[in-house]
Amino acid sequence: MYDVIIIGAGVVGAHIARALSRYRLRILLLDKATDVGDGTTKANTAIVHAGYDAKPGSNKARLNVAGNALFEQVCGELDVEFDRCGTYVVGVSEEDRATLEDLYRRGRQNGIRGLSLVGGPEMRSREPGITESVTGALFAATGGLVDPFALCYAAAENAVGNGAELLLETEVQGFLREDDAVVGVRTNRGEFRSRWTVISAGVHADDLMRAAGLDGFTITPRKGEYFVLDRAARAQVRNVLFPCPTPVSKGILVTPTIHGNVMLGPTATDIDDKENLSTTPEGLNEVLTGALKLIPGLESRQIIRSFTGLRASGSTGDFMIDAPKERPGLLILAGIESPGLTASPAIALEVVEMLREAGLELQERAEYVPLRRGIPRFSQLSPAEQEALIARDPRYGRIICRCETVTEGEVVAACHGAIPARTYDALKRRTRVGTGRCQGGFDLPLVLEIMARELGLSPLEITQKGGASNIVVRRTKEVAE
Ligand SMILES: Cc1cc2nc3c(=O)[nH]c(=O)nc-3n(C[C@H](O)[C@H](O)[C@H](O)COP(=O)(O)OP(=O)(O)OC[C@H]3O[C@@H](n4cnc5c(N)ncnc54)[C@H](O)[C@@H]3O)c2cc1C
C-alpha cells in the first residue's frame, strides 16, 4: 500500500516524487519506458523561460515565473548544469516592434524582472551574426539554459535516494476503483494500491483520464522538429534567439545548448499519433529556413543530428492541475506543454500543497537529504583534478568518446548509478557519450563492450532504447571465434 503513486517519470513526475520524498510517505514513481525522462522531457528546447509570453493569470504564467525562480536552488542541490544567460526575442519588421512591446508589457504583468527592449544596432553588437533586418529585441535577463534530462534524472535519483521507489517498464493500463474513488493502478506488472494517484503522463494524460472515467479534456500531440549543430557552430551564435512568436508556438529559434552545441527548431505541427517521433524533410527544411532568417551565416554542414519532441497540447490552452471531486484519490496534471520544464519544480510544490490540503498527512523526515551529486565529468575538471581522479581509478584515464572526452570511468559509473543506464540512449544522456560530431561512430563498439561487461549481458542484448532496438543483431563466425 503506497501513500502516493506517480504515473510518469518525466521531469514533472520526478520533481513531484522528490518534493514528496521530504515527508514520511511511501511513494512509487512508475513509467512505462526503460528509463526516466524518456518522453517529452528528453526532446525539447531546454530553455528556462522567463515567462513573458504566457497569458497573465494563467497557470502557465504563474508556474513559469515561480519555477524559473527556483532554478539556482534546485540545480545547485541536484548538481545539474544551469546557465542564467538571458534570452532574446528578435524583431525583424515594424510590426514585430509592436509584438516586442506587447511581450514586454505582458512580462511585466506576469511579474518578471530584468526585461528590457534593445534597439536594432545594439542587438547587432550583442549578436554580430544576426540578420541585417533586425529592428530590435526583447531581452529577458532571467531566461536560461539547462539540461532537461539531467534535471529529471537528478530529481528522480534524489527521490530514490530519499526512499521513493521507482519502477520502469511498468505501464498503467487502468485504475483500481472503490465506488467513485481511485485506490490504485493496474499495470503490466500487477496491481498497486495507493491513497493518492497522480497522473503526470505527458501526452498520455488524457488517455489515463478517460481510463479513470473522466472525459472532456483532450491532448493533441504537437510535433516539434529540431537540428543539433556541432560545437564549431557556437562561434556564430552567442545568445538564445527567438523570433517573434506565432499563435501556436514560440517560433523557430537558434540557441546554444548548455553543452556548447547549437540547436535550431522547433516546428509546430499537430498530429494524431502520440508515438510519432519521426522527422520529415518538410519539417527540417522549415527549421533550417527559419533559423537562417535569424542567423544567415549558419552552415548546414554543421548539422550532426535531428530529432522530434511532442508537445502535450491541451484543449484548454493552459496547464490543468486538478483533484476532481468526482474521483477522490486522483490528482491530474495534463496539458503540461511549454513552459512545463521551467515550471516543473513549482508544479511539484503546488502538488504537495494540494495533497496536504486534501488531507494527506505530511510529516518531515529528519533524514531527508536534498543534495545529490552526479558522476564526475572528466572533461570539466582541472588538470590537477583529472590527475587525482585517474590516480584513484585508472579507468578515468581511458577516453572512450573522443568528441566529448568521456572516459571509461564515467561509463562504468553510469552503469552502476542509483538509476543505472541499461540502454545506449540512457548512457548517452547520462554521460554524453556518442553525442558529438561522430555520433557514436568511433565509440559505439567500445561502449557496447563496457556496458555488456558491467551489466553482465552479451553485447547482443544491449539495446538502444529497450524492446527490439538491439544494436548488434548477430555475431559473425569470425568475430565469434
Ligand atoms: C518541441 C518542444 C519544445 C519545448 N521547449 C521547452 C522549453 O524550452 N522550456 C520549457 O520550459 N518547456 C519546454 N517544453 C515543454 C516541456 O518539455 C514539457 O512540459 C515537459 O518535458 C513535460 O514533462 P512531463 O513530465 O509532464 O512529461 P513527459 O516528459 O512526457 O513524461 C511523461 C511520462 O509518462 C510516461 N507515461 C505515459 N503514459 C504512461 C502509462 N500509461 N504508464 C506509465 N507511464 C506512462 C511516459 O513514458 C513519460 O516518461 C517543450 C516541449 C516540446 C515538445
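Which residues in α1 meet which residues in α9? The structure examined here is a predicted model, in which local features need pLDDT of at least 70, side-chain atom pairs count only at pLDDT 80 or more, and totals for chains, interfaces and linings use all residues. Residues are numbered from 1 along each chain as its sequence is written.

In α1, the residues Val 11, Val 12, His 15, Ile 16, Arg 18, Ala 19 and Leu 20 meet Gly 340, Leu 341, Ser 344, Pro 345, Ile 347, Ala 348, Leu 349, Val 351 and Val 352 in α9, two residues being in contact if their C-beta atoms, placed from the backbone, lie within 7 Å. By class, this contact of α1 with α9 has twelve nonpolar, three polar and one charged residues, where Ala, Val, Leu, Ile, Met, Phe, Trp, Tyr, Cys and Pro count as nonpolar, Asp, Glu, Lys and Arg as charged, and the others, Gly among them, as polar. Helix α1 spans residues 11–20 and helix α9 residues 340–357, and their axes come within 8 Å and cross at roughly 35 degrees. Helices (H or I, at least four residues) and strands (E, at least two) are DSSP runs, numbered from the N terminus, while axes are lines fitted to C-alpha atoms, for helices over the stretch in contact, with angles that run from 0 to 180 degrees between N-to-C directions. The crossing of α1 with α9 is right-handed, a term for a near helix turned clockwise from the far one by less than a right angle, with anticlockwise giving left-handed.

Helix α9 also packs with helix α2 (residues 59–69), at an angle of about 100 degrees and with the axes 6 Å apart. α2 is therefore roughly perpendicular to α9, a class that covers 65 to 115 degrees, whereas angles under 35 degrees count as roughly parallel, over 145 as roughly antiparallel and the rest as oblique. On the α2 side, Leu 63, Asn 64, Ala 66, Gly 67 and Asn 68 meet Thr 342, Ala 343, Ser 344, Pro 345, Ala 346, Ile 347 and Glu 350 in α9, and the residues of this contact divide into six nonpolar, five polar and one charged.

The protein chain is divided into domain 1 (1–81 + 145–218 + 315–374), domain 2 (82–144 + 223–309) and domain 3 (378–480), with bounds that come from an automatic or database domain assignment. The ligand is surrounded by 39 residues, the closest being Gly 10, Gly 39, Gly 202, Gly 224 and Gly 340; a residue is near a molecule if its C-beta atom, placed from the backbone, lies within 6 Å of it. Domain 1 and domain 2 both give residues to the shell around the ligand, so the ligand lies between them. At least two residues of this shell are supplied by each of α1, β18 (303–314) and α9, and by class the shell has 16 nonpolar, 17 polar and six charged residues.

Some backbone features remain to be described. Most residues other than glycine have a negative phi, and most peptide bonds are trans. The peptide bond from Ser 338 to Pro 339 is cis, with omega near 10 degrees, and Pro 339 lies in the loop between β20 (330–334) and α9. The bond from Gly 265 to Pro 266 is likewise cis, with omega near -5 degrees, and Pro 266 is placed in the loop between β16 (262–265) and β17 (269–270).
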